[in-house]
Amino acid sequence: RRFEFPFERLLAVKRQFKRQAEMKLLAVRVKQQGAQQRLNELKNRIAEASDQMRDRGENVRSVIMVKQVRGEIEHYTQQLRAAASEHQKIAREVKSLEMLREKRWKQYRSQCEKHLQHDLDGMVMRTWSGQQAVDS
C-alpha cells in the first residue's frame, strides 16, 4: 500500500503561493530601497545647494521632490507591510499542511510496521508449528 496524503495538491498550490508571495515581497523591497536611495540623493543635493548658497528656486524644487519621494517611500512601505502580512499568512498555512502531512506519514509508517510485524509473527508461528509437527 502506498502513502497518500489527501491534501498533497493543496500543499503544492500553497507552496507555489508562498513562493509568489516571497517574490512580491522582494520586488516591493527593491522598489522601497530605490525610493530611499533617491531620497538620500535628493537630501545630498539640498545640502550641497545650501552649502553653496545657490539659486533659491533649485532648493525649493529639491524640497518638493523630497516630499514626493517620501510619499513614494510611504506607499512602498505600506505595500511591503501588506506583502509581508500575506507572506506570513501563506507561510503559516504551508507549515500547518506540512505538519499535518508529517503526522499522517508517521501514522502510515506506524501502521505499516504493525502490519509487517503481524506478518512476521504469523510466519514465525507457522514455521514453529511446522517444526513442532515434524518433531512429533
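Is Lys89 buried, exposed or partly exposed? I looked this up to begin with: Lys89 is partly exposed, at a relative accessible area of 46%. Buried means under 20% relative accessible area, exposed over 50%, and partly exposed in between (1.4 Å probe, protein chains only).

A note on the model: it is predicted, so I keep in mind that local features need pLDDT of at least 70 and side-chain atom pairs count only at pLDDT 80 or more, while totals for chains, interfaces and linings use all residues. Residues are numbered from 1 along each chain as its sequence is written, and side-chain values use heavy atoms, with hydrogens and water left out.

Next I searched for salt bridges (a side-chain nitrogen of Lys or Arg within 4 Å of a carboxyl oxygen of Asp or Glu). The whole structure has 6 of them.

I found Glu93 paired with Lys89, with closest N and O atoms 3.4 Å apart. Both sit in helix α2, 4 residues apart, about one turn of the helix. Helices here are DSSP runs (H or I, at least four residues), numbered from the N terminus. Shared partners join Lys14, Lys89 and Glu93 into one network of salt bridges.

I then checked Lys14, whose salt bridge with Glu93 has its closest N and O atoms 2.6 Å apart. Lys14 lies in helix α1 and Glu93 in helix α2 (residues 56-135), so this pair ties together parts 79 residues apart in sequence. Lys14 counts as buried, at 17% relative accessibility, and Glu93 as partly exposed, at 24%.

My last entry is on Val30, which I located in helix α1 (residues 8-52). Val30 counts as partly exposed because its relative accessibility is 49%.

Notes. Helix = DSSP H or I, 4+ residues; strand = E, 2+ residues; numbered from the N terminus.
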